[in-house]
Amino acid sequence: MGMSIRSGAQTNAWCDNWCPLSPISTFITPRTITNAGFNMYSSVADIVDDSGDWRWPEAWYDLFPVLINLQPPSVVHNVPDKPTWKDLDGKDSYFSSKEVWNNIRSRGATVSWFNMIWFSQCIPRHSFHLWLVIRNKLKTQDRLMTWEAGSETNLRLMCCPICRYDRDSRDHLFFQCSFASQVWNNVKTMVSLENVNDSWASVFAWMEQTASSKTSNVIVDKILIEATTYFIWQERNARLFSHIHNSAETVIKIIKNTVRLKLMGFKFRGSAARNRVLKAWNIYSNEEELDPG
Ligand SMILES: [Zn+2]
């Protein structure tokens, strides 16, 4: 980070980065500075006189010959100095938090599943949840265990709260768990996901290969996958924390109703796609009600 000199008043002459020799305090000691009548708080304005020449003593040129080639900045009175920042390409640009964030954030390559999460028709809450699933950031017990495994660990809790059979983990819940598998195998018949089985690897492979497609079918598939992972996670938490048990049929119904509700507000591109989707989901538009034939 540096300073671009205007009035010179906001920039420390010795410590800030404002000229090719900065910071000057690396080669001129505080004692030399104070002996010359300056102090450690002197600004750039303090070391340039009214005719635009350096105020430092002639003797400094013998002591520090690098100063000979240093041109005094042209001072603009009453205009504050501007902080600058070297961007990724090494160019100086004016400092702004946006510019800095763009430079310091680590930029991953765009992930292959990007379109699975961020699409205009998504249900944001479900999208965010799926993002956590993909990153394997849900607080499943296999992940919690690595933090607080100890003598107190309750082994009974370490099994899946839904089936009480296997370990509670991302790959188990989506959708190897017998309950989740039952739900998934039911709801996926509503869409074109017959070839996706109940392993996370299979679901993820589909997302990588297909999620960028913008056809109505794929968009409905995505909404359904997001809703299914979301409501299975809800059921898992309900059982773990509230001791509420919904049947697979209830969860299936919740998922289908949620997707159906979403589709009712959809703007489809073509009437063929629209009719196909509406029919599959038992949604009747007003026109069809008026003209059932
Ligand atoms: Zn289970």
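This is a predicted model: local features need pLDDT of at least 70, side-chain atom pairs count only at pLDDT 80 or more; totals for chains, interfaces and linings use all residues.

I found an open sheet of 3 strands in the order 1-2-3, with antiparallel pairing. Strand 1 and strand 3 are the edge strands, each pairing on one side only. I noted the twist too: from one strand to the next it averages 45 degrees.

Next I went through the pairings. Strand 1 covers residues 2-4 and strand 2 covers residues 82-86; 3 bridges join them, and they run antiparallel. I looked up Gly2 and got Thr84 as its bridge partner in strand 2. On to strand 3, residues 92-94: this one is joined to strand 2 by 3 bridges, again antiparallel. Thr84 turns up here as well, standing opposite Tyr94 in strand 3. For Trp85, I wrote down Ser93 as the residue opposite in strand 3.

Then the helices. How do helix 5 and helix 10 pack? I took helix 5 as residues 124-134 and helix 10 as residues 216-242; the angle is about 80 degrees and the axes are 9 Å apart. An angle from 65 to 115 degrees counts as roughly perpendicular, so helix 5 is roughly perpendicular to helix 10.

Which residues meet there? From helix 5 I listed His126, Ser127, His129, Leu130 and Val133; from helix 10, Glu226, Ala227, Thr229, Tyr230 and Trp233. Sorting this contact of helix 5 with helix 10 by class, I got 5 nonpolar, 4 polar and 1 charged residues.

Notes:
Residues are numbered from 1 along each chain as its sequence is written. Two strands pair if DSSP finds at least two bridges between them. Helices (H or I, at least four residues) and strands (E, at least two) are DSSP runs, numbered from the N terminus. Axes are lines fitted to C-alpha atoms, for helices over the stretch in contact, and angles run from 0 to 180 degrees between N-to-C directions. Angles under 35 degrees count as roughly parallel, over 145 as roughly antiparallel, 65 to 115 as roughly perpendicular and the rest as oblique. Two residues are in contact if their C-beta atoms, placed from the backbone, lie within 7 Å. Ala, Val, Leu, Ile, Met, Phe, Trp, Tyr, Cys and Pro count as nonpolar, Asp, Glu, Lys and Arg as charged, and the others, Gly among them, as polar.
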